[in-house]
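My notes follow in the order I made them.

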Amino acid sequence: MIENSDISGMGATTSLWVNGRLLTLANDAGGLELIEDGALAVKDGRIAFAGRSQDLPLALSRATDVIDVERRLITPALIDCHTHIVFGGDRAMEFEMRLEGATYEDVARAGGGIVSSVKATNALSPEGLAEAALRRVDTLLAEGVSTLEIKSGYGLSIEGELNMLRAARLIGTLRPVRIVTTFLGAHATPVDYKGRNRDYLIDIVLPAMEQGHAEGLIDAVDGFCEGIAFSVDEMRIVFDRARDLGIPVKLHAEQLSNLGGAAMAASYGALSADHLEYLDAEGAAAMADAGTVAVLLPGAFYAINETQKPPVQALRDAGVKIAIATDCNPGTSPLTSLLLTMNMSATLFRLTVEECLAGATREAARALGLLAETGTLEEGKSADFAIWDVQRPAELVYRIGFNPLYARIFKGQQVSA
């Protein structure tokens with residue numbers, strides 16, 4: 001049974017957290033500015049003040065609900081900006097295949113990969129899909145995540161795709177978490193459309209997008225631009241319709257080869273381009289010009305034993321903002337830890353501590369188009385933050401398999417998973 005979480009009436013009072021070590025991440029010009037004697041005031045679920053205790057306005061200092069965090073670290077709540085966390089079944093057999101030497105392309109061409117999740121996913125109702133996902137979702141929430149992007153992409157039919165999005169919306173009513181939905185109908189081609197990508201897009205993807213938009217199920221549109229999936233020109237068909245509907249876009253791009261997908265996505269003003277292992281300098285420049293965020297996914301890099309690392313220095317040089325995410329999915333990144341994702345981003349991709357922390361908060365919010373609402377601790381934003389039992393911010397990136405979360409606050413209220 002799915003247990004409903006009582007999240008009605010959140011943030012109806014004024015509260016004050018004091019004696020904290022505050023990492024606001026409000027400065028995106030660089031540098032981790034830690035406020036040693038910090039205070040954070042919340043009114044009606046939004047941040048009324050975040051800064052030094054000595055600068056706290058007198059009116060806010062008189063709050064009746066005062067919480068002493070005893071010198072613990074306070075950061076923005078974590079944001080997982082790229083997941084496929086709603087699905088049926090598992091793909092442990094593919095894991096075994098890869099251990100025996102099969103590549104990502106080998107698995108896909110043998111009928112595995114994305115298509116193998118379709119049957120299990122379509123066998124479940126939206127309620128069944130939500131229930132199956134909750135254990136994965138709860139694991140992320142228990143690590144301080146308060147915003148979660150969820151993609152469709154395992155339905156590959158109009159109703160199947162919409163049911164995944166309905167399940168994602170349902171999760172947002174069952175748990176205290178902000179859900180952002182992404183329509184990923186152009187994830188793979190179903191068996192009965194093999195070799196007919198364009199027909200699949202016209203017959204299934206575009207009608208599903210239009211219906212999902214009409215039902216209020218779609219916050220963004222995504223696609224998998226790759227040799228084993230959809231070409232740049234095919235993705236333009238999807239993005240043109242998304243633009244007509246006023247839906248922002250993002251793209252799985254340059255994961256296994258360089259097709260120029262990131263530059264194409266940037267030409268549509270994409271929120272993000274994700275994976276990017278084979279991105280070139282021209283693609284990075286196009287992303288920078290468009291303000292398109294690079295979302296790096298070390299879980300997939302690790303799980304499929306990739307050797308081509310994303311061009312982190314080229315992204316830095318071009319001025320592209322970098323976010324990180326779990327890419328939680330049943331086949332190529334069965335990862336449900338954003339804390340581990342931060343460590344992997346540092347050890348595998350050589351991101352700095354600052355880049356990892358910003359990548360899982362501020363830049364993840366930017367990648368979802370939510371930076372005005374969350375991702376930093378600033379006056380006026382939603383009071384989404386995490387309190388940690390650590391001495392210094394680097395511990396959140398440095399530790400492996402250890403969760404130092406003390407409390408998670410969502411819209412001004414302390415909540416459990």
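**Entry 1: what I am looking at.** I note first that this is a predicted model.

**Entry 2: H5 and H6.** I began with helix H5, residues 126–141, and helix H6, residues 158–174. Their axes come within 8 Å and cross at roughly 55 degrees. That angle makes H5 oblique to H6. I logged the crossing of H5 and H6 as right-handed. From H5, the contact takes in Pro126, Glu127, Leu129, Ala130, Ala133, Leu134 and Val137. From H6, the partners are Asn163, Met164, Arg166, Ala167, Leu170, Ile171 and Leu174. Sorted by class, the residues of this H5 and H6 contact give 11 nonpolar, 1 polar and 2 charged.

**Entry 3: H6 and H7.** I then followed H6 to H7. Here the axes of H6 and H7 come within 9 Å and cross at roughly 40 degrees. H6 and H7 are therefore oblique to each other, and their crossing is right-handed. On the H6 side I found Ile158, Leu162 and Arg166. On the H7 side they meet Asp203, Ile204, Pro207, Ala208, Gln211 and Gly212. The class count for H6 with H7 is 5 nonpolar, 2 polar and 2 charged residues.

**Entry 4: H7 and H8.** How do H7 and H8 lie to each other, roughly parallel or roughly antiparallel? Helix H7 covers residues 197–214 and helix H8 covers residues 232–245. Their axes come within 10 Å and cross at roughly 20 degrees. Angles under 35 degrees count as roughly parallel, and H7 and H8 are therefore roughly parallel to each other. The crossing of H7 and H8 is right-handed. In H7 I listed Asn197, Arg198, Leu201, Ile202, Val205, Leu206, Met209, Glu210 and His213. These meet Glu234, Ile237, Val238, Arg241, Ala242 and Leu245 in H8. By class, the H7 and H8 contact holds 9 nonpolar, 2 polar and 4 charged residues.

**Entry 5: aromatic pairs.** How many aromatic pairs are there? I have 6 aromatic pairs in the count. One of them joins tryptophan 17 and phenylalanine 385, edge-to-face, at 5.0 Å centre to centre with 90 degrees between the planes. This pair links distant parts of the chain, with tryptophan 17 in strand E1 (residues 14–23) and phenylalanine 385 in strand E14 (residues 385–388), 368 residues apart. Tryptophan 17 and phenylalanine 385 are both buried.

Phenylalanine 301 and phenylalanine 349 also make an edge-to-face pair, 5.1 Å centre to centre and 75 degrees between the planes. Phenylalanine 301 lies in helix H11 (residues 298–303) and phenylalanine 349 in helix H13 (residues 338–349), so the pair ties together parts 48 residues apart in sequence. I put both phenylalanine 301 and phenylalanine 349 down as buried. I also noted a cluster in which ring pairs link Tyr193, Tyr200 and Phe230.

Entry 6: I looked up asparagine 19, which has a positive phi of about 60 degrees although it is not a glycine. Asparagine 19 lies in strand E1 and is partly exposed, with a relative accessible area of 26%. For asparagine 305, phi is near 55 degrees, again positive in a residue other than glycine. Asparagine 305 lies in the loop between H11 and helix H12 (312–318). With a relative accessible area of 64%, asparagine 305 is exposed.

**Entry 7: two loop residues.** Is threonine 361 buried or exposed? Threonine 361 lies in the loop between helix H14 (353–359) and helix H15 (362–367). At 2% relative accessibility, threonine 361 counts as buried. Leaving aside neighbours within four places in sequence, I found threonine 361 in contact with Leu25, Pro76, Ala77, Leu78, Ile79 and Gly375.

Alanine 142 is in the loop between H5 and strand E7 (145–151). Alanine 142 is partly exposed, at a relative accessible area of 35%. I also took one distance from alanine 142: its C-alpha atom and that of aspartate 244, 102 residues apart along the chain, are separated by 39 Å.

Methods. Residues numbered from 1 in each chain as written. Predicted model: local features only at pLDDT ≥ 70, side-chain atom pairs only at ≥ 80, totals over all residues. Heavy atoms only, no water. Axes fitted to C-alpha atoms, helices over the stretch in contact; angles between N-to-C directions. Helix = DSSP H or I, 4+ residues; strand = E, 2+ residues; numbered from the N terminus. Parallel < 35°, antiparallel > 145°, perpendicular 65-115°, else oblique. Left-handed = near helix turned anticlockwise from the far one by under 90°. Contact = heavy atoms within 4.5 Å. Nonpolar A, V, L, I, M, F, W, Y, C, P; charged D, E, K, R; others polar. Phe/Tyr/Trp six-rings, centres within 6.5 Å; stacked < 30°, edge-to-face > 60°. Buried < 20%, exposed > 50% of the residue type's maximum accessible area, 1.4 Å probe, protein only.
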